[in-house]
Amino acid sequence: MDPFRVKLLSISNGITDREFVELKFMCKQHIPVGVLERLKRPLELFDELENRNLLNAENKEFLAAILGGINRLELRDDLLGRSF
């Protein structure tokens, strides 16, 4: 299984419903509101970010930034492969 996909699934499982709403809010400049409203799970948001070339195995910075923006620094660090 692709390690990047496994990482995204793990991050998705760690996001609460409230945090998911906050993540979508952070994406409003990059994804139209109508599209964001249709997204029901974090994995769907990650798919949309991939479709818009904002996320892939070599480009994790956007997702890392919005995870930091909602104070989920441990998820951001996990995404980036940082361990402390």
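Trainee: Among contacts between residues at least 6 apart in sequence, what percentage join residues at least 24 apart?

Mentor: A contact means heavy atoms within 4.5 Å. Among contacts in the protein between residues at least 6 apart in sequence, the part joining residues at least 24 apart is 49%.

Trainee: What kind of model is this, and what pLDDT do side-chain atom pairs need?

Mentor: Residues are numbered from 1 along each chain as its sequence is written, and side-chain values use heavy atoms, with hydrogens and water left out. The model is predicted: totals for chains, interfaces and linings use all residues, local features need pLDDT of at least 70, and side-chain atom pairs count only at pLDDT 80 or more.

Trainee: How many helices and how many strands does the protein have?

Mentor: Helices (H or I, at least four residues) and strands (E, at least two) are DSSP runs, numbered from the N terminus. Along the sequence the pattern reads α-α-α-α-α-α. The count is six helices and zero strands.

Trainee: What radius of gyration does the protein have?

Mentor: The C-alpha trace spans about 35 × 25 × 20 Å along its principal axes. The radius of gyration is taken over C-alpha atoms, and the globule rule is 2.2 Å times the number of residues to the power 0.38. For 84 residues, a compact globule would have a value near 12 Å, and this agrees with the protein's own 12 Å.

Trainee: What percentage of the 84 residues count as buried?

Mentor: Buried means under 20% relative accessible area, exposed means over 50%, and partly exposed lies in between (1.4 Å probe, protein chains only). Of the 84 residues, the buried part is 38%.

Trainee: Which helices do the buried residues of α5 pack against?

Mentor: The buried residues of α5 are Phe62, Leu63, Ala64, Ile66 and Leu67. They pack against α1, α2, α4 and α6.

Trainee: Which elements are included in what covers the buried residues of α4?

Mentor: In α4 the buried residues are Pro42, Leu45, Phe46, Glu48, Leu49 and Glu50. Their cover includes α1, α2, α3 and α5.

Trainee: Is Ser12 buried or exposed?

Mentor: Ser12 is part of helix α1. Beyond its neighbours within four places in sequence, Ser12 is in contact with Pro42, Leu43 and Phe46. Its relative accessible area is 9%, so Ser12 is buried.

Trainee: Is Asn53 buried or exposed?

Mentor: Asn53 lies in the loop between α4 and α5. Its phi is near 60 degrees, a positive value in a residue other than glycine. With a relative accessible area of 61%, Asn53 is exposed.

Trainee: Where is Asn71 placed?

Mentor: Asn71 has a positive phi of about 60 degrees, although it is not a glycine. Asn71 counts as exposed because its relative accessibility is 61%. Its place is in the loop between α5 and α6.
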